[in-house]
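User: I have not looked at this structure before, and I would like to learn how to read its features one at a time. Could you show it to me and then take me through it?

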Amino acid sequence: MTIEMTHESAPGRTKAVQPSEQSEAEVRANDRAHVFHSWSSQAQINPMPVASGAGATFWDYEGNAYLDFSSQLVNLNLGHQHPDLVASIQEQAGRQATIQPAMASDVRGELARRISEVAPGSLNKVLFTNGGADANEYAVRLARRVTGKRKVLSMYRSYHGSTATAISLTGDPRRWSNEPGDGSVAHFFGPYLYRSAFHATTEAEESARALEHLEQVIVLEGASTIGAIILETIVGTNGVLVPPAGYLPGVRALCDKYGIMYIADEVMVGFGRIGEWFAVNAFDVTPDLITFAKGVNSGYVPLGGVVISDEIASFFDNVPFPGGLTYSGHPLACAPGVATFDVFERDGILERVKDLGERVVAPTVQAWLASHPSVGDVRGTGLFWAIELVLDKATGEPLVPFNAAGADAAPMNAVAAACKAAGLWPFVHFNRLHIAPPLIISEEDLVRGLAIIDEALTVADGY
Ligand code: PLP
């Protein structure tokens, strides 16, 4: 099924609007003088002032348009200034701006009900948080409390957030400078056929060997000490690593065998990114806990949460759950969450994501394997893809080294600059370029964006 949604056909998305009376210079000056930015050396950055956005596009103060192929931080699933989401926040603010979490709210309950309906198995309760990291913190706390076991296993090449436990769970370099962190976390290798840690040559081999490895880690770390295994259903920031068939059910089986809780981190991949409400639905697996954030309301107001199985929830029937947040299930955040469900259902968002992924993105990026010497691997599903750039296809040597920064990162910076100069805002991480546009992008814009990337890849080909 194809559904066309253009800026022209959607009210409120027809043009850039100037949202503030400040000049570009004033915005820039305040930012540089007073805003302390995350993950950055403060003197080495020059954040772009953004004037406005609509649909899959945003504009700078000179009126230059950028196709947002990163959906900001892969959260803006329904795009910039979606009229239904904006209206839901305005309506909610006029009716009930806030109510504390120990009281019942119509919109909070409605969102929890809608989430439970699309979650698999008996995952019927929702603990709301302010974002993804604290959702993972709470999932781990629940699992530790219920199992009475403290250790958590998580994957190398994962990102779970930057609060205390979440950064310890994280299996990428962002963890390093935050160590020592939570001492009860151990890491394992997940499946990644293109750079297999197991010398596998087929998906089936990779899956079987990754599961064998995980079982050894469980045994050596001690099943009696491990409360949970947490993994992104599809690894996001670290490479859009789609697990081979059988891997996630295999993880489920190991969790059952050893009395371990399975936590699926769906902060990036949940709510439509691959054309499913929850990505586990595509892999035939039911975790004990699912964490979400980002796409639940496209990040219009901070919101995350943990979907909890009835079995885990009932543990706390007569035992208090030790935790809470002042803004848990904030009505202004839940209202665009409910609106997200309405828009997804009305506009067939899940179906169009699958359709665009299969019909438009997959054949285009797969052709780049042949047409670009710098493209070593392409992988993904729905509107969630990674292009891995290499210096040498035969050896797979990455275009820039792992954890590249400064001069090392220059080739990828050049690719990103070529995209930006042509009007596309890319998502770049180490030697990869990801494709993750808003799910409402028109087919025309999607095709145009892919053509811009195709051209920018010639810059990578030159190294
Ligand atoms: N988990 C995953 C898979 C993520 O991609 C992210 C953020 O990118 C997080 C957790 C952390 O979410 P937040 O930044 O909302 O705390």
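Analyst: By class, the shell around the ligand has six nonpolar, eight polar and two charged residues, where Ala, Val, Leu, Ile, Met, Phe, Trp, Tyr, Cys and Pro count as nonpolar, Asp, Glu, Lys and Arg as charged, and the others, Gly among them, as polar. This is a predicted model, in which local features need pLDDT of at least 70 and side-chain atom pairs count only at pLDDT 80 or more, while totals for chains, interfaces and linings use all residues. Residues are numbered from 1 along each chain as its sequence is written.

User: How many residues surround the ligand, and which are the closest?

Analyst: A residue is near a molecule if its C-beta atom, placed from the backbone, lies within 6 Å of it. Here 16 residues surround the ligand, and the closest are Gly 131, Gly 132, Ala 133, Gly 161 and Val 267. Helix H5 (residues 132-147) contributes the largest share of this shell, three residues; helices (H or I, at least four residues) and strands (E, at least two) are DSSP runs, numbered from the N terminus.

User: Which residues touch the most other members of the largest nonpolar core?

Analyst: In soluble globular proteins, nonpolar side chains tend to be buried together. A nonpolar core is a set of buried Ala, Val, Leu, Ile, Met, Phe, Trp, Tyr and Cys residues joined through C-beta atoms within 7 Å, and a residue is buried if 20 or more other C-beta atoms lie within 10 Å of its own. In this model the largest core has 124 residues, of which Ile 229, Ile 263, Leu 289 and Val 307 touch the most other members. Its largest share, nine residues, comes from helix H10 (residues 331-347).

User: Why does the span of helix H8 agree with its length?

Analyst: The expected span is 1.5 Å times one less than the number of residues, so the 12 residues of helix H8 (residues 247-258) should span 16 Å, and the end C-alpha atoms of H8 are 17 Å apart, which agrees.

Technical notes. A residue is buried if 20 or more other C-beta atoms lie within 10 Å of its own, exposed if 12 or fewer, and partly exposed in between; C-beta atoms are placed from the backbone.
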